[in-house]
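Hi,

Here is the structure I said I would pass on to you. Have a look at it first, then read my notes below.

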Amino acid sequence: MSERAPSIAAYENGPFLVRGTIEILDERGEPVETHRGTVALCRCGHSSIRPLCDGSHATRRSRPSSTD
């Protein structure tokens, strides 16, 4: 199986999706086990499994006020 070139996509009000072969390190410089070819990285800071996303952003989103 060949390695896939890494790519990162930012999703509005969501995580960074990292695809491909890449080493992810935690704040201590230790490798984070991902077990997947695509991982979601937390951007909101509320995930209980940081640096990985656990979907917490979905319940913490601030909704824009309507100007209609």
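What follows is a short tour of what turned up, starting with the strands and ending with the charged side chains.

Before anything else, please keep in mind that this is a predicted model.

**The sheet**

Start with the strands. The model has an open sheet of three strands in the order β1-β2-β3, and the pairing is antiparallel. The edges of this sheet are β1 and β3, each of which pairs on one side only. On average, neighbouring strands here are turned by 20 degrees against each other, if you ignore direction.

Now take the strands pair by pair. Strand β1 covers residues 7-10 and strand β2 covers residues 16-19; they run antiparallel and are joined by four bridges. Between β1 and β2 there are five residues, and the two strands make a hairpin. Look for Asn 13 in that turn: its phi is positive, at about 55 degrees.

A handy residue for finding your way is Leu 17. In β2, Leu 17 has Ala 9 standing opposite, and Leu 17 also stands opposite Ala 40 of β3. If you click on Leu 17, you can follow the pairing from there.

**Rings and a charge**

How many aromatic pairs are there? The count comes to zero. There is still something to see at a ring, though: Arg 43 lies over the face of Phe 16, at 5.0 Å from the ring centre.

**The cysteines**

The structure holds zero of them. Cys 42 is in no disulfide, and its nearest cysteine sulfur belongs to Cys 44, 3.9 Å away. A disulfide needs the two sulfur atoms within 2.5 Å.

**The salt bridges**

Last stop: the charged side chains. The count gives two salt bridges. In one, the side chains of Arg 28 and Asp 26 meet, with 3.0 Å from N to O. In the other, Glu 27 pairs with Arg 28, and the closest N and O atoms are 3.3 Å apart. Asp 26, Glu 27 and Arg 28 are therefore linked in a network of salt bridges.

Asp 26, in contrast, counts as buried at 16% relative accessibility.

Cheers

Key:
Residues numbered from 1 in each chain as written. Predicted model: local features only at pLDDT ≥ 70, side-chain atom pairs only at ≥ 80, totals over all residues. Heavy atoms only, no water. Phe/Tyr/Trp six-rings, centres within 6.5 Å; stacked < 30°, edge-to-face > 60°. Lys NZ or Arg CZ within 6 Å of the ring centre and 35° of its normal. Pairing = 2+ DSSP bridges. Axes fitted to C-alpha atoms, helices over the stretch in contact; angles between N-to-C directions. Salt bridge = Lys/Arg side-chain N within 4 Å of Asp/Glu carboxyl O. Buried < 20%, exposed > 50% of the residue type's maximum accessible area, 1.4 Å probe, protein only.
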